[in-house]
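Student: Please go through this structure with me, one question at a time.

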Amino acid sequence: MPVAVDTLLTPDINKPARYLGNELGAVHKPWEQAAVRWVLTYPEIYEVGASNLGHIILYSILNTQPRQLCDRAYLPAADLATKLKETQTPLFAVESQRNLTDFDILGFSLSYELGATNILEMLTLAGVPLTWQERDSAGAFNPEDGSWPLIFAGGQTATSNPEPYADFFDFVALGDGEELLPEIGLVIEEGKAAGLSREELLLDLAQVPGVYVPRFYDMAEDGSVHPNRPDVPKRILRRVATPIPAYAMGLVPYVETVHDRLTVEIRRGCTRGCRFCQPGMLTRPARDVEPEAVIDAIETGMRKTGYNEFSLLSLSCSDYLALPAVGVEVKNRLKDENISLSLPSQRVDRFDENIANIIGGTRLTGLTFAPEAGTQRMRDIINKGLTNEELLQGVKTAHEQGWDKVKLYFMIGLPGETDADVIGIAETVRWLRQTCYIKGRKPLSFNITISNFTPKPHTPFQWHTVSTEEFKRKQSLLRAEFNTMRWAKVNFTDVRISAMEDFVGRGDRSLSAVVRRAWELGAGMDSWWESLDNAFNAWAQAIDEAGLTWKYRQIAQGEWNVMTTDGDNPHANLDAALPWDHLDTGIDKEWLKQDLIRALEAATVPDCSFEGCSHCGVCGPDFGHNVVVPPPPIPAFVGHGKPDSDRVQRLRVTLGKLGTMALIGHLDLVRLFDRALRRASLPISFTGGFHPGPRLSPANALPLGATSSGEVVDFELKAPMDPQEFLQRLAEELPPEVPLYSVEEVPIDSPAATKLLERAEYYLRVSLENPTPTTPDWEAWIADILSRPEILWEKTTKSGKVQMVNLREQLYELDYIAPNTIDPNCATDDGSLAPMPELKVTDLKVEPGEALIRVVGSCRNDGNLLRPEQVVWIVEQAAGQSLQLRHKHRSRLYLADL
């Protein structure tokens, strides 16, 4: 059933717009018409989950399926989580605002070894039992009749080794989900129609390639996993799908997200063969997207979303051979639109002038390279495929093209590493700075991240680890080397995080109890950043209580090490069973062994997308083959665009902010206007400087939670146009709860509305905090206030100085609106004025026991401002008792005459 979200999402909740489900592109399908109801449940806060490309793609695909509905849910921030617990309100899906237990299936993205604790937190907030054993039942599966939803996980960590989390999930989706999830939906639809039990339905799902059902498999003493019944596959196949860029433009959040841009996938999979890299092994074969499809997706996506930045996504964008041609073509087309491009992952050996032209311009985005190791020997051991000369040429090109700061990633603790290799990291950075010096230019500076190598399943280095003490020693070596390099900012990963990631990531099914206990002790994923000591101690205690301290000690002391020997067979430990051997990712385990041996000999393997086959075992009918698109010709670069800053017309618009849009913050509202202007292709002028922005200026920031039917915003245009056409085109791209009422043209050189603003009119809904049998005499209280020459308010400045302010000088009008003049049938549901400026105060809905007060007060942007909360305080002084401010509505802004 629906949750009373309006009582939860109040202005005291930080960024309440996270939970509204009203973004551009959000899908609201009829509940009753859906045979299968999904929730894609992202175990991170909204800003992370809503910008995740996989989350967006799967949400879009599932909502295109007939008879299926897909909503979303996110890990609530601490304030909302606390409120949910205090009010005993279950966690809800943002679109339908229904309890998660109303749905058939909840899908969690598990992309980090320590992230499962967040999943347990979300299940608990939703009132769902944590394990599949607790959720099991014998009757026909149907959540409408009381069945618990099916709980599954997907994502990189779930695909690589789901065993530490096996008890929590009914099934696991392995690999790409674009084709797999619709197939799962069809099986569930048929199973529900046939009245199958939970176990019968899961048995049908287990026949779908890519679906792993842990209940049908048992763990042996050596940690390996085998079927416990004959009618399920011995090994479960990882699914592979072709990337579809068109599905990337599904959601445009109203709040700023981590990746606040359009993201278009250009290549899936990587065949470089870096021996430490799990994504590179788990996403083979490599599949390029046709250049025309990429260009079309970018053009269409920027027009539909209104973003001012887009990103091209791949594990290694530089291996997409069409990148220079695609990038230059798009850059040429969008030259004057003040749009920037970011590339999150690039090969330094392929960074040239063409790539610099693509990501350069007025706003230089950050530039990151990952040499990974400081010496050529170590880069050969990890099969990085990068020489010192290529590293130098890439960094030098970046500096020549305008970058003064470059971010570099390195790792320590790799197999075969010596102290000379570790110190080589600092020597390499010092050499790059000296060699790339350009006379007359600021010397290069670096942001450097030194991470601790963490072995991952399904990689050649899955058999290796380094002791915690050895990591600490190597970090000390580097700190001493970098100590004198003031131009290099160096960050080190905490060794305790790395050890715990290693322990859980390569663990077996016995770790489910550890994960659950760590969560009970407060080890949510965010706790690593808030209090690392507390998080580590919680995990350590959970390990100790499970009797697995000896196993963790193997990791912390580096006992699982490929450098150890066993009699005559130095690689005997490579033949031991592993907890993930029953997962068929396509990579032959024997090939991984051989590649590890090649690594210890510093022998390299070529990239099979461009050279000969390395015989890893992937290519074939189950996984397909590499798809490499030949690069088209690179068009001539027409130069970096400069946003047009001409100011030829100013339009002043009066508008409203109603309903749920009252929970959108001021900066998010400005961002919403920016994107609406772009979608409407309106000729907005831009500011100058390194970070040009649209010339739009709200007269005053509306308090969060307040509604309004009298906001004023100035828009300055670079080309003249009919004001009414401007109003109509802009209105078409705004939410219905941001209605546009009127527009007027004002002289371009006249003062902006922000400078002309003098007063504001509010309607305040208030009530007594402690009601009394006596009828409140609101009119007498207001008359008393108006008769006072002075009402002093104690104000503390930012510097801590206390000042007394006479609020009576800022109060111009104050009226009590009698109840018999209010028609509740004309008001909006939230109690604000109806969404038309000409409607009178009689259209405001007021509940019994409440009063409506009209106030006109100072509203200047120089700090001379009478706030609604101050008005309530003034009335409290006259009434002699506390009041509650139920709602505030701003009906008009008064501007000075020109």
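Student: A602 sits in the loop between α23 (589–600) and β20 (649–657). What is the phi of A602?
Tutor: The model is predicted, and local features need pLDDT of at least 70, side-chain atom pairs count only at pLDDT 80 or more, and totals for chains, interfaces and linings use all residues. Residues are numbered from 1 along each chain as its sequence is written, and side-chain values use heavy atoms, with hydrogens and water left out. Most residues other than glycine have a negative phi. A602 is not a glycine, yet its phi is positive, at about 60 degrees.

Student: Is A602 buried, partly exposed or exposed?
Tutor: Buried means under 20% relative accessible area, exposed means over 50%, and partly exposed is in between (1.4 Å probe, protein chains only). The relative accessibility of A602 is 30%, so A602 counts as partly exposed.

Student: Q88 also has a positive phi. Is Q88 buried or exposed?
Tutor: Q88 is a residue other than glycine with phi near 55 degrees, and its place is the loop between α4 (78–86) and β3 (105–109). Here helices (H or I, at least four residues) and strands (E, at least two) are DSSP runs numbered from the N terminus. Because its relative accessibility is 74%, Q88 counts as exposed.

Student: Which residue does a cis peptide bond join to R284?
Tutor: Most peptide bonds are trans. The bond in question has omega of about 0 degrees.

Student: Helix α3 covers residues 53–62. How many of its 10 residues are buried?
Tutor: The buried residues are L53, H55, I56, I57, Y59, S60, I61 and L62. Helix α3 is therefore largely enclosed by the rest of the structure. The number buried is eight.

Student: At the start of α3, which residue has its backbone nitrogen within 3.1 Å of a side-chain oxygen of N52?
Tutor: A polar contact is a pair of N or O atoms within 3.5 Å; within protein, one must be able to donate a hydrogen and the other to accept it, and residues adjacent in sequence count only if both atoms are side-chain atoms. The side-chain oxygen of N52 reaches to within 3.1 Å of the backbone nitrogen of G54.

Student: Strand β13 holds S311. Which residues does S311 touch?
Tutor: At 3% relative accessibility, S311 counts as buried. Leaving out residues up to four places away in sequence, S311 touches R261, L262, T263, V264, L341, S342 and P344.

Student: At what angle do α11 (residues 291–305) and α12 (residues 323–333) cross?
Tutor: Axes are lines fitted to C-alpha atoms, for helices over the stretch in contact, and angles run from 0 to 180 degrees between N-to-C directions. The axes of α11 and α12 come within 10 Å and cross at roughly 30 degrees. Angles under 35 degrees count as roughly parallel, over 145 as roughly antiparallel, 65 to 115 as roughly perpendicular and the rest as oblique. So α11 is roughly parallel to α12, at roughly 30 degrees.

Student: Which residues of α12 meet α11?
Tutor: The α11 side of the contact consists of P291, V294, I295, I298 and E299. On the α12 side are V326, E329, V330 and R333.

Student: P291 belongs to α11. Is P291 buried or exposed?
Tutor: Beyond its neighbours within four places in sequence, P291 is in contact with Y320, A322, V326, V629 and P632. With 6% relative accessibility, P291 counts as buried.

Student: What is the handedness of the crossing of α15 and α16?
Tutor: Helices α15 (residues 388–400) and α16 (residues 419–435) pack at about 50 degrees, with their axes 10 Å apart. That makes α15 oblique to α16. A crossing is left-handed if the near helix is turned anticlockwise from the far one by less than a right angle, and right-handed if clockwise. The crossing of α15 and α16 is right-handed.

Student: Which residues of α16 meet α15?
Tutor: From α15, the residues involved are N388, L391, L392 and V395. Their counterparts in α16 are T428, W431, L432 and T435.

Notes: Contact = heavy atoms within 4.5 Å.
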